[in-house]
Amino acid sequence: MIRLILRRLLQLVPTLFGLSLLLFIWLHRLPGGPETAILGERGTPELREAVRRSMGLDQPLWVQYGRFIRRLFTGDLGASIQTKRPVWTEFAERFPGTFELTVVAMIIAVGIGIPLGYLAARRRGTWLDTLSVGGSLLGICIPIFFLAYMLRLAFSVELGWFPATGRQSVGINATRVTGFFVFDGLITREWDAAWDALWHLILPAIALASIPLAIITRMTRASVLEVLGEDYVRTAQAKGLTQRVVRGRHVLRNALLPVVTTIGLLTGGLLSGAVLTETVFAFNGIGHFVASSIATRDYPVLMGFILIIALIYVLVNLVVDISYTLIDPRVRVR
Amino acid sequence: MSVLTPGRKVEKLDRLAELAAAPAHERGASLWREAWRRLRHNPSAIVGAAILGLFVLVAAFGPFFVPYGPTDTIGVASGEVRPAAGVIPGPSAEHWLGYDHLGRDEFSRMVVGARQTLLVGVVATLIGMTAGCILGGIAGAAQGLGGRWGRRVDTVLMRAVDMMLALPSLLLAISIAALLGPSLTTVMIAVGAIAVPIFARLLRGSMIAQATSEYVLAATALGVRKHRIALSHIVPNSLAPVLVQMTLTLATAIIEAAALSFLGLGNPDPSTPEWGKMLADAQRYIEISPGLAIYPATAIIVTAFGFTLLGEAMREALDPKLRT
Amino acid sequence: MARQSGSIAASVSERGAHRAERRGSALLDVADLSVTFAHRGAPTVHAVDGVSFTVDEGEVVGLVGESGCGKSVTSLAIMGLLPRRGVQVSGRAVFDGRDLLTLSDDEMRDIRGRDIAMIFQDPLSSLNPIVPIGVQVAEVLIRHRKLDRAEARRESAELLDRVGIPDPQRRLREYPHQLSGGMRQRALIAMAVACRPRLLIADEPTTALDVTIQAQILELLKSLVRESGTALIMITHDLGVVAGMCDTINVLYAGRVVETASRRPLFAEPRHPYTVGLLGSIPRLDGAREDKLRPIPGSVRDVLPWPDGCAFAPRCDRRVDACVGEPPAMTAAPGGRAYRCVNPVLAVTTPPAALAKEQP
């Protein structure tokens with residue numbers, strides 16, 4: 001087991017290595033050159049030249065790359081052009097918001113998607129089934145930012161049921177402990193703060209969850225249909241087992257295996273969707289900052305955030321891979 | 001964001017590729033005929049094809065029949081459109097969909113926009129398909145036919161694909177777009193890049209399944225040259241899954257292009273009508289005139305949905321066992 | 001109705017006594033069972049077309065026929081395991097005085113596994129791959145005999161031992177893919193007999209196994225059935241299997257029973273041309289080298305629908321005019337035999353029944 005984990009981590013190394021190389025080259029090929037990373041697009045030619053020299057851009061490329069990698073290892077991702085603060089700090093500050101958002105979105109997607117997919121499979125050919133399949137095909141065709149805007153227009157601006165922007169309402173005095181607003185509210189027992197933070201999460205989470213929901217519903221339905229036709233389900237029925245046992249132990253346990261793997265892959269989609277959703281709701285998370293740094297050409301932030309997100313995505317998939325071997329006895333290493 | 005997650009989808013497409021790997025004479029070249037028959041009776045295929053047909057018609061011939069020029073800012077000139085004051089007239093008898101925020105006729109822009117949108121989608125898909133198929137084809141052929149050296153080539157190429165997959169699709173597109181600067185070609189390349197790993201994995205799977213299939217073994221034993229095998233057998237058999245994937249990629253390409261425009265990485269020229277760009281531009285005026293966002297969004301959704309229906313129906317038609 | 005686990009000897013003698021007394025009423029009486037599959041866009045298939053047979057307590061009955069003759073579907077219909085969509089079932093299947101085809105789902109769930117059990121053809125796919133064997137055996141015990149987990153575990157180990165699986169305690173924790181094909185089938189048999197059912201249905205239980213293992217599994221089934229007095233329906237296409245095990249044999253063709261006889265008479269004097277053909281097509285070890293194989297001409301697809309005459313007629317070398325036009329009725333013969341043929345193969349000394357009787 002430990003060997004498996006180590007082996008997988010080792011397989012990651014060339015991928016991450018290649019990624020960092022690509023990002024380094026990317027940084028160098030940016031319009032305006034790497035000095036843009038510090039100056040933005042301002043500055044006289046002399047100033048730019050001076051910055052180039054100070055950045056050591058007159059050194060051979062591989063020396064620069066070495067320095068780049070070394071700095072990466074110490075967590076130094078440079079500083080934001082906009083705010084002048086370290087990129088890492090900006091990330092750490094904004095990460096909790098996005099984390100809460102993606103968790104709620106995933107809960108919605110899984111909490112609705114799996115039961116819906118199961119029901120659609122059991123009642124194959126009924127209106128529920130057709131609606132689920134049609135709905136899930138439609139769900140992936142709706143641009144997230146449009147959905148986010150429409151939800152906001154309808155439920156925040158027009159109906160006023162939900163707050164329109166931000167992570168917490170202005171009036172609430174909340175004690176910050178970890179930066180995870182809902183969690184903070186819970187551990188400091190400031191229930192109104194926690195509830196308020198949660199309320200702010202719901203609309204963006206619904207928008208963000210739309211595509212994973214569609215995919216999970218579809219996958220679960222397909223998987224359950226496949227399992228229902230398997231011989232071991234017939235054996236379970238021939239044994240006269242209760243419907244609950246057949247459904248839980250025999251159908252769902254097998255049908256959900258591929259769905260679990262998919263959840264890992266979906267986190268990537270959630271993270272990139274967050275870029276769009278957070279912007280619409282002016283939600284202070286990493287996605288919003290990525291979007292605004294595109295507009296302000298804040299390349300260090302862009303590169304740093306993308307690198308960290310890629311790392312998270314890769315690690316999440318690794319965890320899912322490994323847990324799969326724990327769940328499926330056929331795959332277990334003896 | 002890509003249509004379905006790579007893992008499960010690739011499994012299915014691998015299966016499709018495997019099936020198509022059966023030699024033509026075995027199935028009496030009836031794979032296509034069978035598939036066509038099934039497709040004709042499939043309601044989602046009919047709906048999808050109808051939407052596709054309508055879309056192509058509008059894109060091709062629409063611009064000749066529009067009542068106004070798509071870039072004529074007549075509304076502003078006539079004083080009817082004053083976005084700063086919150087006035088953007090909606091649908092009326094002369095302007096079926098009203099004005100946009102720059103005083104142009106929305107209906108004309110929608111019709112003309114079909115062409116540009118189709119162009120973006122098709123080119124992006126072609127870029128992704130070509131690059132992906134070359135990558136995957138070489139990797140798969142190397143793995144299957146090339147021996148030890150071939151396997152190394154395959155590993156290297158697949159690592160490159162893995163790197164592309166390490167980034168969630170939109171972020172990959174953002175990186176490429178930021179590098180290349182905002183323009184129409186940027187969008188097409190960036191969106192195409194998202195599709196590259198999907199096609200690469202698909203074709204590689206197909207090549208490997210066929211390279212290890214028995215009829216290829218037989219052909220080799222008979223002395224047929226490897227490149228002849230590749231050209232006359234393997235390529236036609238890989239066609240089916242690629243076609244299915246192309247249709248599905250077209251659907252999402254349009255949506256991803258819209259997302260890039262929303263983030264400011266799209267075509268900076270405000271005059272060319274393109275549904276994604278129109279949708280992105282409309283966000284600012286959404287409270288004044290939500291229609292400006294709803295029209296292009298609906299068009300995008302319907303078109304993407306049509307392509308998706310057609311693609312899924314094609315996949316079902318080519319292998320009933322994949323029916324979901 | 002909970003089944004108590006009693007001593008083996010007592011129940012066997014009990015059953016023997018019952019059998020003598022209840023000769024009149026069979027354990028299972030299948031009458032005119034028909035199953036039709038009709039899906040949108042596909043032609044209607046009459047998989048089972050009026051099948052009738054009986055099973056007495058403790059009797060071993062064979063259902064023999066080629067692939068596609070409807071024998072598996074018959075058993076699935078009796079068990080109530082056919083899907084609901086696109087399937088029409090008619091006729092009667094009376095078990096213990098109740099018509100199984102009319103019972104509710106809940107009632108059938110009580111009967112399955114407890115009073116009637118079934119084992120299937122492919123032991124690997126018939127087992128849940130991600131649940132340990134022990135759990136899969138125990139769940140039957142927990143469900144029908146209301147044992148608690150510890151008791152169920154103990155009993156499961158005993159059952160695995162009874163079916164001949166070595167080191168049963170270890171096997172309880174193992175998964176199906178860790179067992180060999182023969183052991184998997186033994187495990188499935190253990191699950192089937194766990195609650196001492198009165199009827200066991202075995203659908204091609206040895207077809208997917210190696211030949212050497214086949215014999216072992218059949219011996220196991222025979223001994224279990226003898227010990228506990230369980231009736232057994234043996235579904236197979238293999239006449240060799242049938243010859244070694246069955247008391248009564250029903251030969252099926254195209255969804256209908258074409259001959260019923262006890263074992264010895266069937267093999268010694270087959271009446272229906274199809275049965276004759278089946279027996280004749282078995283190559284003989286003691287035949288001369290030049291002897292040609294004698295297959296039945298044509299294929300299963302060359303069939304006449306029953307309403308239009310005898311389904312076997314296109315392939316039959318004893319075909320006469322009377323075979324086409326009206327389906328032949330079941331003719332009864334002495335000794336509990338029956339055959340559905342107007343021109344049967346008759347031993348010289350035995351005249352056919354004077355009147356053709358329709359036997360349900």
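Reader: What makes you put domain 1 and domain 2 of chain A at a given distance, and how many Å is it?

Author: The distance is taken between their C-alpha centres, and those lie 33 Å apart in this predicted model. Domain 1 covers 2-73 and domain 2 covers 92-333, according to the domain assignment of chain A.

Reader: How many helices and strands does chain B have?

Author: Chain B has 12 helices and 0 strands. Read from the N terminus on, its elements go α-α-α-α-α-α-α-α-α-α-α-α.

Reader: What share of chain B is called buried, and what makes a residue count as that?

Author: A residue needs 20 or more other C-beta atoms within 10 Å of its own C-beta. Of the 324 residues in chain B, 54% are buried.

Reader: Which residues does H4(C) bury?

Author: Helix H4 of chain C is mostly covered, with 10 of its 13 residues buried. Among them are C:Ile133, C:Val137, C:Leu141 and also C:Glu139 and C:Arg143. The buried residues pack against H5, H6 and H7 of chain C, together with H11 of chain A.

Reader: Why are S2 and S5 of chain C said to stand at the edges?

Author: The open sheet has 4 strands in the order S2-S1-S4-S5, with antiparallel pairing. S2 (45-55) and S5 (98-99) each have a single partner strand, so one side of each is left without a neighbour in the sheet.

Reader: What makes S1 and S2 of chain C a pair?

Author: At least two bridges are needed between two strands. S1 (residues 28-37) is joined to S2(C) by 8 bridges, so they count as paired, and they run antiparallel. For one of the residues, C:Leu28, the bridge partner in S2(C) is C:Val55.

Reader: How many residues does each of chains A and B bring to their contact?

Author: Chain A brings 48 residues and chain B brings 44. On the chain A side, H11(A) gives the most, with 12 residues. By class, that side has 37 nonpolar, 8 polar and 3 charged residues.

Definitions and conventions. Residues numbered from 1 in each chain as written. Chains lettered and ligands numbered in written order. Predicted model: local features only at pLDDT ≥ 70, side-chain atom pairs only at ≥ 80, totals over all residues. Domains from an automatic or database assignment. Helix = DSSP H or I, 4+ residues; strand = E, 2+ residues; numbered from the N terminus. Buried ≥ 20, exposed ≤ 12 C-beta atoms within 10 Å, placed from the backbone. Contact = placed C-beta atoms within 7 Å. Nonpolar A, V, L, I, M, F, W, Y, C, P; charged D, E, K, R; others polar.
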